[in-house]
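Visitor: I would like to learn how to read a protein model. Please show me one, and then take my questions in turn.

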Amino acid sequence: VLWEGQELLLQSVSSRQIAVSFVCPGGGSYRLALSQGGGRERLLTRAFRVEALPDAPPRIEVRVEQDLELSPSEELRLDVMVADDYGLSRMNRVLLRDGVELVRRPWAEVAERREWDGTLTWNPEQDLGELGGELELVIEIYDNDTVSGPKLTRSRPVRVYVPTENDQHRR
């Protein structure tokens, strides 16, 4: 197999099939070069055109109540659906205060799936310890694009208020 004039490595699948893999950023063409034996010149087929489909960024949908208040030991449940046209690679949770990142941690195992739909739970104590205040929880999802690099989609921020020790003493 010749891709844009360069010979590609073939893999035998069976006595009647071969396989070849190649990266096709944007498109191109390939030909089959058939050996005739006996030192004769190879036969070339016509060029077959390949057009790569654009890789869309991952999609994310988060279903949760808006503007929540949680005690440090309470659990927040988020219904989450993520999908990508070719495949997902990872999902993170990110906690922010006033736009400043406090925590970034891996969350659910989504690698090599095209879709993931489930419920995630978050407890403020697992990331914040004694800290609290007004926070934003964001879910980041990455696709598995190895050609131009992974694409990132962030969920809308879920605003959460976790009472601080001072808040609890005032009550």
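Visitor: Is R104 buried, partly exposed or exposed?

Guide: This is a predicted model, so every value here is computed from it. To classify a residue, look at its relative accessible area: under 20% is buried, over 50% is exposed, and the range in between is partly exposed. R104 counts as partly exposed because its relative accessibility is 37%.

Visitor: Which residue forms a salt bridge with R104, with closest N and O atoms 2.2 Å apart?

Guide: For a salt bridge, look for a side-chain nitrogen of Lys or Arg within 4 Å of a carboxyl oxygen of Asp or Glu. Here the partner is E140, and the closest N and O atoms are 2.2 Å apart. The two residues lie in distant parts of the chain: E140 is in strand β15 and R104 is in strand β13 (residues 100-106), 36 residues apart.

Visitor: Is E140 buried or exposed?

Guide: E140 counts as buried, because its relative accessibility is 2%. So this salt bridge joins E140 and R104, where E140 is buried and R104 is partly exposed.

Visitor: Which residues are linked in a network of salt bridges?

Guide: The network consists of E101, R104, E140 and R154. In total, the count of salt bridges comes to eleven.

Visitor: Which residue forms a salt bridge with E136?

Guide: E136 forms a salt bridge with R159, and the closest N and O atoms are 3.4 Å apart. Again the pair links distant parts of the chain: E136 sits in strand β15 and R159 in strand β17, 23 residues apart. R159 is partly exposed, because its relative accessible area is 41%.

Visitor: Strand β15 keeps coming up. How many of its eleven residues are buried?

Guide: Nine of them are, so the strand, which spans residues 133-143, is mostly covered under the 20% cut-off.

Visitor: Which strands pair with β15?

Guide: To read a pairing, note the partner strand, the direction and the number of bridges. Strand β12 (residues 88-97) pairs with β15 in the antiparallel sense over eight bridges, and N92 stands opposite E140. Strand β17 (residues 158-162) also runs antiparallel to β15, joined to it by five bridges. There, L137 stands opposite V158. Strand β16 (residues 152-154) is antiparallel to β15 as well, over three bridges, with T153 as the bridge partner of I141.

Visitor: How do side chains point along a strand?

Guide: In a regular strand, the side chains alternate between the two faces of the sheet.

Visitor: How many residues form the hairpin between β3 and β4?

Guide: A hairpin of two residues joins β3 to β4. Strand β3 (residues 11-14) and strand β4 (residues 17-19) pair in the antiparallel sense over three bridges, and the bridge partner of S12 is I18 in β4.

Visitor: Where in the protein is confidence lowest, and where is it highest?

Guide: For confidence, read the pLDDT. The lowest is in helix α2 (residues 165-170), with a mean of 62, and the highest is in β16, at 97. Across the protein the mean pLDDT is 86, and 95% of the residues reach 70 or more.

Note on methods:
Residues are numbered from 1 along each chain as its sequence is written. This is a predicted model: local features need pLDDT of at least 70, side-chain atom pairs count only at pLDDT 80 or more; totals for chains, interfaces and linings use all residues. Side-chain values use heavy atoms; hydrogens and water are left out. Buried means under 20% relative accessible area, exposed over 50%, partly exposed in between (1.4 Å probe, protein chains only). Helices (H or I, at least four residues) and strands (E, at least two) are DSSP runs, numbered from the N terminus. Two strands pair if DSSP finds at least two bridges between them. pLDDT is the predictor's confidence in each residue, from 0 to 100.
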